[in-house]
Amino acid sequence: MSALTAATRENFDELVATGTTVVDIWGPDCKPCLALMPHVEKLAEKRTDLNFVKLEAPKARRVCIRLGVHGLPTFLLMRDGEEVARLSASTLSPAQLKAWLDESLERVGEEVS
C-alpha cells in the first residue's frame, strides 16, 4: 500500500480489513482537514509500519454513517477492520494528532517509533 491511499465506499472495508490502519476522514470544504493533510501525508511516509487511508466524507456518506462520524476531521485507528481508537476535533494541531496516534498505538500494543 502506498503511503496514503484514497479509499472509496466500494473499497474501504477491504483497505482496513487487515493490519493496523489510520483512517483520515476529511472533506474538501473542511479547512482544518485541508490544513492537516500535508502533515498526515508526512506521518504516513514516516510510519511505514502502518496503513494510512483517507476517506472523503461527502463521497462515502454511508460508510461515515456506519462508522458514526459526526464531524470533520475524524481520525480512526483500526486493527483488522475494527475501530480501536478515535479522534475528532475541529481544531487539531499536527502535534496533537501525532500524540493521539502514539498514545493509541501504545494502548493497543503496537511499537511506537
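Helix α4 lies across the strands β2, β3, β4 and β5, and it runs at about 25 degrees to β4. This is a predicted model. The strands belong to an open sheet of five, with mixed pairing. The largest nonpolar core has 21 residues.

**The helix α4**

- α4 has 14 residues.
- From its first C-alpha to its last, α4 reaches 20 Å, close to the 20 Å expected at 1.5 Å a residue.
- Six names make up the buried list of α4: Leu97, Trp100, Leu101, Asp102, Ser104 and Leu105.
- An α-helix has 3.6 residues a turn, so residues three or four places apart point the same way.
- Look at Leu97, Trp100, Leu101, Ser104 and Leu105 in the model with that spacing in mind; they are among the buried residues of α4.
- The buried residues of α4 pack against β2, α2, β3, β4 and β5.
- After α4 comes Gly109. The phi of Gly109 is positive, near 90 degrees.

**The sheet**

- The strand order is β1-β3-β2-β4-β5.
- β1 (5–7) and β5 are the edge strands, and each pairs on one side only.
- From one strand to the next, the twist averages 25 degrees.
- β1 and β3 run parallel, joined by three bridges.
- Ala6 has its bridge partner in β3, and that partner is Lys54.
- The helix α2 also packs on the sheet, where it touches β2, β3 and β4.
- The direction of α2 makes about 160 degrees with that of β2.

**The nonpolar cores**

- In the largest core, the residues with the most contacts inside it are Phe52, Phe75, Leu77, Leu97, Trp100 and Leu101.
- Leu97 is in contact with Val40, Phe75, Leu87 and Leu92, leaving aside its neighbours within four places in sequence.
- Another core lies apart from the largest one and has 16 residues.
- Val16, Leu55, Ala60 and Leu76 are among the residues of that other core.

**Putting it together**

- Leu97 is a buried residue of α4, and Leu97 is also among the residues with the most contacts inside the largest core.

Methods. Residues are numbered from 1 along each chain as its sequence is written. This is a predicted model: local features need pLDDT of at least 70, side-chain atom pairs count only at pLDDT 80 or more; totals for chains, interfaces and linings use all residues. Side-chain values use heavy atoms; hydrogens and water are left out. A nonpolar core is a set of buried Ala, Val, Leu, Ile, Met, Phe, Trp, Tyr and Cys residues joined through side-chain atoms within 4.5 Å. Buried means under 20% relative accessible area, exposed over 50%, partly exposed in between (1.4 Å probe, protein chains only). Contact means heavy atoms within 4.5 Å. Helices (H or I, at least four residues) and strands (E, at least two) are DSSP runs, numbered from the N terminus. The expected span of a helix is 1.5 Å times one less than its number of residues. Two strands pair if DSSP finds at least two bridges between them. Axes are lines fitted to C-alpha atoms, for helices over the stretch in contact, and angles run from 0 to 180 degrees between N-to-C directions.
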